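This briefing sets out the main features of the structure shown below, grouped by topic. The reader may wish to keep the display open while working through the points.

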Amino acid sequence: MKERTGPQEAQSSSAGFFSRLRHRLHRRLGVGQLDWLAGGQLDDELAEQLEDQLLLADVGVDATRRIIDGLRRRSAKDTGPGSESMRELLREVLLEILQPRAHALSIPTAVRPFLILMVGVNGAGKTTTIGKLAKRISDQGLSVMLAAGDTYRAAAIEQLQAWGERNAIPVISQEPGADPAAVIFDAFEAARARGVDVVLADTAGRLQTQAGLMRELEKVVRGAGRLDEAAPHEKMLVLDASLGQNALNQAIEFHEAIGLTGIAMTKLDGGARGGILVAIADRLDVPIRFLGIGEQASDMDVFDAEQFVDALLEPHADVGEGST
Ligand SMILES: Nc1nc2c(ncn2[C@@H]2O[C@H](COP(=O)(O)OP(=O)(O)OP(=O)(O)O)[C@@H](O)[C@H]2O)c(=O)[nH]1
Ligand SMILES: [Mg+2]
């Protein structure tokens, strides 16, 4: 095995990514209207208006209630002349929910091959996220292999192969219709034989309500566990942020089925309302690993809670590019 100093961790999110996130996240919290709360008490009328804004931003009923309660407590304590503005208090409360979920994916040197299984509903961005992640990991100096575990569509295998070719990364695949558990098992075994560091396994899209397909995922997990009982070392759910509250249901049910260890949130550049991330962070104790803001490899970065909250709280008027 190659010499390494410690676990490989995806670095914190870059300044360039943050600026693109700020520009591309169109539907943030409408806190421009909350500026007049500055320094004041959160009375019932203001609380109601804030509640509307949070619900509109997809924060969801439970997390919204928790945020309003948190603000009430803080604003009651903090009314002196130098008191923080309500916006700053809101920032703190949001960070309290999101910060504990900001754990970068760690690939310990002792675990080889490190198997990452990508799951999610149809079209969430699994294959694209694998492509982006494969490039990111191989740029960090680790060898990567892709496993074409979506055997339902021939096009899915080709899509993965295209990402592989672009980044000179081998792809293990079988015929369309093959058993995904067998494809992923074989790739994992091949990676072990060849001394590959990281295997990224694609799977077909499935709805969390399709019991048969969810059982198929459990079989994939059990299969990998026969080679290494800790595998898959990462079970990452890819979530399309534009699905709103439905993304929360997906996260809950995939977590129940296979025990997620990470979440990648895609399409924060589209019509998504970023508040869904707050809802998920509030409801599930699963690390949020990556954010996707476009289709290119560079359009993904590590989830950074502070940067995300700042983008969420950015007044709409400050935003140039495509802010309408
Ligand atoms: N705008 C935008 N598009 C994205 C993002 N991530 C993925 N996409 C696009 O979303 C579409 C679906 O992505 P895929 O990676 O094929 O999704 P998938 O989950 O593998 O889909 P299935 O294999 O059909 O289940 C593609 O057109 C991607 O380019 C993102 O962060 N932003
Ligand atoms: Mg796919």
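**Helix packing and overall organisation**

Helices α2 and α3 cross with a right-handed sense. The residues that form this contact are A47, L50, E51, L54 and L55 on the α2 side, and T64, I67 and I68 on the α3 side. By class, they comprise 6 nonpolar residues, 1 polar residue and 1 charged residue. The model is predicted.

**Geometry of the α2 and α3 pair**

- Two packed helices are described by the angle between their axes and by the distance between those axes.
- For α2 (residues 44-56) and α3 (residues 61-77), the axes come within 10 Å, and the crossing angle is roughly 145 degrees.
- The loop between these two helices, α2 and α3, contains D58.
- D58 is not a glycine, yet its phi is positive, at about 75 degrees.
- D58 counts as buried because 26 C-beta neighbours lie inside 10 Å, where 20 or more are required.

**Overall composition**

- The protein contains 11 helices and 10 strands.
- It has 324 residues, of which 47% count as buried.
- Among contacts in the protein with a separation of 6 or more, 79% join residues 24 or more positions apart.

**Nonpolar core**

- In soluble globular proteins, nonpolar side chains tend to be buried together.
- The largest nonpolar core here has 95 residues.
- Within this core, V199, L200 and I263 touch the most other members.
- Setting aside residues up to four places away in sequence, L200 touches I116, M118, I130, L133, A134, V144 and L146.

**Surroundings of ligand 1**

- Ligand 1 is surrounded by 21 residues, and the closest are G125, T127, T128, G205 and G292.
- The shell around ligand 1 consists of 11 polar, 6 charged and 4 nonpolar residues.
- Helix α5 (residues 126-139) gives the most to this shell, with 3 residues.

**Backbone exceptions**

- Most residues other than glycine have a negative phi, and most peptide bonds are trans.
- The peptide bond from R112 to P113 is cis, with omega near -10 degrees.
- P113 is located in the loop between β2 (106-107) and β3 (114-119).
- P232 belongs to the loop between α8 (211-227) and β7 (234-240).
- A168, a residue other than glycine, has a positive phi near 50 degrees.
- The loop that holds A168 lies between α6 (154-166) and β5 (171-172).
- A168 is exposed because 8 other C-beta atoms lie within 10 Å, and 12 or fewer place a residue in that class.

**Individual residues and their contacts**

- V309 is found in helix α11 (residues 305-313).
- V309 is buried, since 23 other C-beta atoms lie within 10 Å.
- Although V309 and L90 are 219 residues apart in sequence, their C-alpha atoms are 9.6 Å apart in space.
- Apart from residues up to four places away in sequence, V309 touches R91, L94, L95 and L98.
- Q250 is part of helix α9 (residues 245-258).
- Q250 is buried, with 24 other C-beta atoms within 10 Å.
- When residues up to four places away in sequence are not counted, Q250 touches V121, Q208 and L239.
- L284 occupies the loop between α10 (275-283) and β9 (288-292).
- L284 is partly exposed because 18 other C-beta atoms lie within 10 Å, a count between the limits of 12 or fewer for exposed and 20 or more for buried.
- L284 and A251 are 33 residues apart along the chain, and their C-alpha atoms are separated by 8.0 Å.
- Beyond its neighbours within four places in sequence, L284 is in contact with A251, I252 and H255.

Conventions:
Residues numbered from 1 in each chain as written. Chains lettered and ligands numbered in written order. Predicted model: local features only at pLDDT ≥ 70, side-chain atom pairs only at ≥ 80, totals over all residues. Core = buried A, V, L, I, M, F, W, Y, C linked by C-beta atoms within 7 Å. Contact = placed C-beta atoms within 7 Å. Near = placed C-beta within 6 Å. Helix = DSSP H or I, 4+ residues; strand = E, 2+ residues; numbered from the N terminus. Nonpolar A, V, L, I, M, F, W, Y, C, P; charged D, E, K, R; others polar. Axes fitted to C-alpha atoms, helices over the stretch in contact; angles between N-to-C directions. Left-handed = near helix turned anticlockwise from the far one by under 90°.
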